[in-house]
Structure formats: C-alpha cells, structure tokens
Amino acid sequence: MGSRVIMPFRTDWKFIEGNYTGAEKTDYNDGHWQDLHIPHDWSIEKSFDPHMLYGGNQAYLPRWSVGWYRKHFNVKPSSPKQRVYIQFDGIHSNSEVWLNGHFVGKRPYGYVSFQYDLTPYIRWDEDNVIAVKVDNTLLPPDRWYSGAGIYRNVWLIYTDYLHVTEWGTTITTPEISPDEAKVSARIKISNHHEHTVECTIKTEILDSQGQLKGKIENRVALAGFETEEIEQKTRVIEPELWSPDNPVLYEAQTTIYCDNTEVDRYRIPFGIREVILDSQKGLLLNGSSLKLKGVCIHHDLGCLGAAYHDTAMKRRLEKLKEMGCNSIRFAHNPMAPELLDLCDHMGFLVVDEAFDKWKSLSYEHVYDEWWAKDLEAMLVRDRNHPSVFMWSVGNEVENQGQPSMLNMLEHLVAFCHEKDPTRPVTCALEPHNTPISLRDGSIEAKVEHTKLLAQRVDVLGLNYQEQWYEHYRAAMPDTLILGTETFPYYRGKDNRVKGYLPLNPWFDVANHDYVIGQFVWSGIDYLGETSYPSKGWSSGLIDTCGFRKPVSYLQQSLWSDQPVVHIAVFNEYMKSEYNPTWTMHWKSPAMEDHWTFPEYAGKLIRLVTFTNCESVELIVNEESYGERKLADYEVTLLDVRPRDEYETAHIPGAVSVPIEELAEQLSLLPADSKIVAYCRGPYCLMAVRAIELLQAHGFKARHLDKSVHDWNDFILNEVTGS
C-alpha cells in the first residue's frame with residue numbers, strides 16, 4: 001500500500017440548529033449538542049408547515065435557518081512529511097469551515113464536491129476540532145426540495161508531500177478498435193517539498209479481475225512547491241467495451257516512487273467506450289445505434305430526505321433497470337459521486353447537469369463569482385466516469401434566446417469544451433415561454449428562435465417539444481435532438497405544449513434517427529415543486545418509496561427487449577391526490593394494478609394490458625374474454641400502443657393473461673407463464689407496501705415489499721410461472 005489513506009469521516013459529529021456566536025472556536029462548549037452521523041439532512045426531521053415561505057418548493061419542511069456541525073478528532077502522523085485534506089461531497093448550502101479556530105474556506109453552492117488542505121492548522125497527535133457552519137437563510141431557494149446540512153459523505157485524506165492531486169487524473173481513450181485501445185493518462189502531481197524531487201511515476205491499467213493490461217512509467221523531476229501535469233500513454237489489447245448491457249470497468253493505478261520507496265498510489269476506475277454523434281444516424285455507442293431510454297431524477301430519497309444512502313439509491317436504479325431504462329439525466333445539479341459509481345457499475349448513460357437557473361432563484365447571488373469554479377468542480381470530478389457521456393450547463397434558464405442568455409451559453413459551453421473536449425454539451429431548453437409572445441406565436445417563429453440556441457450547443461436539448469421536432473429538423477437538417485424532458489403519458493399537439501394527446505413521446509424517438517432519446521419527467525417522484533397539502537411531485541413512474549406505478553409498465557413495454565405483460569385497471573373512483581392544476585399534463589389516467597374493487601360490484605370495469613408481445617388473452621375465473629393482437633392496435637382508443645383494453649364485469653377471483661411471445665423470444669418464458677392477481681371477498685386487500693429504514697451505523701436502508709394474506713389465507717398478490 002502507498003502512503004495515501006482515505007478514511008470515512010462520518011461518525012461522531014455534533015449538531016445544533018441556530019446561529020451561535022463563537023461556535024467555530026476550539027474551546028466552545030458543544031456538550032449539549034445533538035450527536036449524529038453524516039450524511040445528515042436536518043430539514044427532513046421537521047414537521048410540515050403549511051404556512052412556510054416557499055413551502056411548495058421545499059415540501060413544506062422548514063429549512064430557513066443556520067446549522068452548526070462540530071467534530072473532535074486526533075491525527076497521528078505516519079511520516080514527518082504528511083498532508084491532510086478533508087473532502088466534502090456536498091453541503092447545502094453556503095458552508096463555511098474552520099479547523100481549530102482557523103478559517104479554512106467557504107462554498108455557497110450546495111451540490112458540488114470540494115476539498116480543503118487542513119495541514120497548516122493540524123495539531124499532530126492532539127485534539128482537533130473542525131467546525132462547519134451551514135446557512136440556509138438566503139432566499140429564494142431551489143424549485144425542488146434541496147435538504148439542509150452535510151447531506152453527503154465526508155472523507156479525511158492523508159498523502160505524502162509528493163502526491164497526485166485530487167481529481168487530478170484524466171483518462172481518455174482516443175483510439176479504439178477490436179484489436180486494441182490506446183489509453184492516455186494526464187496526471188497532475190503536486191510537490192510540497194521546498195526542493196526539486198526526482199521520482200518515478202508508473203501507471204498500470206488493470207482489468208476487472210485485477211489483471212495487468214497495460215503499463216507505462218517515466219522518470220521526472222518536479223520543482224519545489226509546484227504542480228505539474230504529465231501525460232502517459234499505453235494500450236490495452238482486445239479491450240472489453242463498456243455499455244449499458246456490458247458495464248465492464250478498468251482501473252488506472254498511478255504509483256509514485258522516490259528512491260525506490262512508494263510515496264503515493266492513486267486509483268481511478270474508467271471504461272473503454274466510443275460515443276459518436278452522427279447527424280444522420282444519431283447516437284452510436286461502440287459502433288452500434290443506441291436510443292436513450294431515459295428518465296430525469298432529483299437527488300432526494302423520499303422519506304429519507306436529501307441525505308444520501310447508497311442502498312436506497314441502488315434499489316431505485318434496479319427498478320429503473322427493470323423497466324428497460326438505460327440512461328439518466330441528473331436534474332438539475334451534480335449528484336453524489338456514489339450515484340455515478342452505481343451508474344458505471346449497473347450500466348446507465350448519464351447527462352451530467354451543472355445548474356438549473358443561472359441568474360435567477362437560488363444561484364443568482366453567486367453566479368458571477370462561482371460559475372466557473374462550480375462547473376469545473378463537476379467536470380474534473382466526473383470526467384472519468386464512462387456513464388457520463390454528455391454535459392448539460394443549465395435547465396430552462398431565464399431570458400432564453402435573448403442576447404444576454406446566448407452570450408452566457410456560449411461561455412459555458414466553451415468552458416466545458418476546454419476542460420473536456422471529449423464530450424458533447426447541451427442545455428435543456430424550455431418550450432418557448434420567453435419572450436411571452438412566443439408561447440402563442442407561430443411555429444415558424446419558434447423555429448427561428450430555436451435556431452439561435454441550436455447553434456451554440458452540440459445537441460439540441462428540448463423540454464416538451466416533440467410536436468415541433470420535424471419542423472426543427474427541416475430547418476436544421478444536421479441538428480440532433482434530445483428530449484431532455486418528456487411527458488410520461490400525454491404529448492403536445494399542433495402548437496400547444498399541453499395538448500393532452502395520449503400518444504407516448506417515445507414514438508417521436510423511435511420514428512426519427514435524428515432524435516437520440518428521451519428523458520421522462522420524472523422517473524421517480526420527489527419532494528417539492530407542489531402546493532399544499534401535497535408535499536411533492538407525484539406524476540413520476542416510480543413513487544417516493546421506490547415502488548412502480550401502473551404507467552411504468554407502459555414505458556417498460558416500449559423500452560424493454562424482454563417480454564412484458566402487465567394488467568392494470570382504470571378506476572374512476574380512485575382517490576385523487578391533490579396536485580396543482582399546472583401539473584395535470586404530467587398525469588396519466590387513474591389506474592391501479594390490483595383486483596380489489598368492491599365499489600365496482602355489479603358494474604363493468606375496464607382493464608388494460610401493457611405488452612410488447614404479439615397477443616394477449618384475458619381470463620377471469622378460467623373464462624376467456626378474448627384475445628387481442630398487438631398488430632391490430634397501431635392506434636388504440638387513446639392512441640397509445642402497445643396497450644390492449646378489455647371491459648368486463650368485476651367478479652372476485654383470479655385474473656390472468658397468458659403470454660404468446662414473439663418467435664425469437666418464445667424460448668425465454670414457459671408457454672403457460674401468467675401474471676395473477678387474486679381476490680376473495682368484498683373487502684380483501686391487495687397488498688401493503690412498507691418501507692423500513694434500518695440505520696446500522698446510520699448508513700444502510702432496507703426496503704420491504706410484503707404481500708398480505710386475508711383471513712382465509714389467500715395470497716393476494718403474486719407472479720407465477722410453471
């Protein structure tokens with residue numbers, strides 16, 4: 001092992017809400033403060049306040065206050081030449097940090113990772129006190145629930161005086177063929193010695209099994225108190241290529257030796273893959289055409305708040321993967337680094353987004369001073385992740401298409417290209433609300449306005465504009481389009497964004513090579529962006545507890561290459577949630593996926609199956625209600641395929657749909673496989689969904705999804721197959 005040591009710095013913190021003078025001082029009495037572990041979100045612990053200022057944005061969970069964190073720790077030097085750094089993966093927001101009473105630094109933006117050098121103020125082998133002030137009193141806030149506090153992980157990092165800087169390695173693969181991949185490693189090395197140091201720098205490329213696949217080493221001389229960048233090149237023979245279906249990773253391991261003694265070892269996972277954007281063919285990944293089957297997600301975890309939990313996030317991604325999802329757009333900020341690690345390992349392509357607005361709402365006060373620092377923080381931290389294939393510099397920003405906005409857009413895109421010339425850049429554009437005359441203006445005017453924006457990005461990212469794709473392409477025949485936000489069920493029509501045309505926006509992707517994908521808003525429900533008594537967005541494909549809704553199976557039937565069949569019931573008696581009227585176009589018809597409807601006794605009930613199979617047959621209590629062929633449903637009653645409707649009497653008992661699969665997929669399932677929902681008696685329950693948080697050391701969560709048996713011991717929810 002090298003001298004670099006990375007330690008979790010999450011336990012035994014103290015916290016108090018309120019602004020306390022002198023809390024940064026070493027001798028401040030924090031004995032009465034709350035003991036807790038990081039990550040921590042103090043806002044999620046509060047009671048809902050319907051009168052809260054900006055309550056709809058923040059789920060009515062009070063957060064307009066200051067919080068203080070303190071931690072005592074001891075550092076024992078392992079060598080006389082040692083540096084100590086602290087890394088915060090995210091503090092929301094306006095954080096200030098002190099060590100032993102010395103001011104270390106501040107960071108206003110709550111979504112970026114950052115690092116401080118603690119070495120000048122460390123008391124070796126004595127008690128040290130780090131103090132963090134978090135100020136959430138600045139208004140206005142984000143449009144969604146942001147949380148409050150040190151809500152992501154914290155790390156203490158020990159290095160030698162000579163070491164690779166954090167996020168200082170850039171791995172690229174400029175040439176890839178089946179025979180070999182050329183690998184370039186640009187490495188920044190800092191020398192904190194006063195004198196020039198001669199050393200050997202060796203970089204090894206290891207495969208997923210730890211086998212050596214490439215190596216290069218150089219002898220270099222580094223001047224005192226300087227940081228220099230070197231480039232090393234090697235090759236990997238017969239490389240395994242990363243893709244959503246084969247998320248194979250390599251590791252670049254850089255070791256520094258001085259006088260044959262290892263002084264630092266720095267590891268970076270990466271993937272070998274080729275992304276090409278072709279104006280006629282669309283997105284090509286490793287030479288093959290790929291459509292982005294994506295969703296947008298915010299960072300909160302429902303009842304867990306904004307505090308990051310890897311287990312809970314992984315379960316959410318597993319549900320998305322189950323649906324056939326292969327890509328995620330981070331909305332609208334950099335996410336926890338562990339989420340990108342999950343995307344690398346599980347196989348999701350990512351649009352990594354830096355900002356929501358620029359000079360309005362929460363970022364307005366800091367944009368001029370901090371935009372370059374915050375954008376660079378995202379770029380350098382995330383650039384080695386194979387999942388990240390595109391950067392986004394904003395979402396529905398103010399003054400869209402006006403000279404001031406176009407100038408800012410040019411600067412942001414150019415900055416991304418300078419720091420990372422290997423990835424395309426986009427900006428998610430709203431559907432023509434600025435100037436307001438465009439909202440009801442002609443399609444021709446919208447096209448001319450959009451051309452100004454398209455000229456300044458690599459891919460035209462559009463929110464809710466499928467009805468104009470063909471017009472844009474006709475005017476800009478070399479422009480690629482990405483649906484950065486799309487409705488989950490309905491679609492715009494003619495010159496209206498909210499046209500309530502029940503045609504899934506996926507078909508605009510599938511039918512046009514120049515449309516490289518869609519990102520459904522939203523993949524998962526989230527806190528905020530609502531009005532009382534609702535606490536959050538409820539029109540996603542998955543709810544805040546991580547359970548799938550019926551409409552998610554429509555998306556799966558469109559996206560998945562595996563056989564899909566799912567029964568849902570249109571329930572006009574379904575208790576509706578309160579939602580602001582402006583959100584209704586994100587809704588889908590009221591559907592439930594159980595068979596417990598006492599209110600329908602003696603009445604007809606409409607059932608629907610979402611499927612990508614050739615045909616489905618509905619059976620109720622062993623009586624067939626007929627077979628429907630998918631080929632006959634190019635356009636159904638609601639213009640949505642693949643979906644087959646049945647109307648039947650509600651009869652307690654069993655409902656099933658046998659599968660007749662496409663020829664090439666028939667062997668994947670038993671011929672008599674079926675999905676069954678059982679119900680007995682007028683008051684039986686279908687299922688109870690529960691979530692249980694087990695805070696083993698404060699870091700792990702477990703979800704429980706339990707079937708419930710009625711008093712006659714009949715199971716009420718199951719999936720069967722012989």
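I looked up Gln82 and found that its bridge partner in strand E10 is Asp160. Strands here (E, at least two residues) and helices (H or I, at least four) are DSSP runs, numbered from the N terminus.

This is a predicted model, where local features need pLDDT of at least 70, side-chain atom pairs count only at pLDDT 80 or more, and totals for chains, interfaces and linings use all residues. Residues are numbered from 1 along each chain as its sequence is written, and side-chain values use heavy atoms, with hydrogens and water left out.

Next, the neighbours of E10. Strand E5 (residues 82-88) runs antiparallel to E10, with seven bridges joining the two; pairing takes at least two DSSP bridges between strands. Strand E1 (residues 5-8) also pairs with E10 in the antiparallel sense, over four bridges, and there I see Ile6 opposite Ile157.

Then I checked burial (buried is under 20% relative accessible area, exposed over 50%, partly exposed in between; 1.4 Å probe, protein chains only). E10 (residues 154-160) is largely enclosed by the rest of the structure, because seven of its seven residues are buried. Val154, Leu156, Tyr158 and Asp160 point one way, while Trp155, Ile157 and Thr159 point the other. In a regular strand the side chains alternate between the two faces of the sheet.

Last, I went through the lining of the second largest pocket by class: 11 nonpolar (Ala, Val, Leu, Ile, Met, Phe, Trp, Tyr, Cys and Pro), 10 charged (Asp, Glu, Lys and Arg) and 10 polar (the others, Gly among them).
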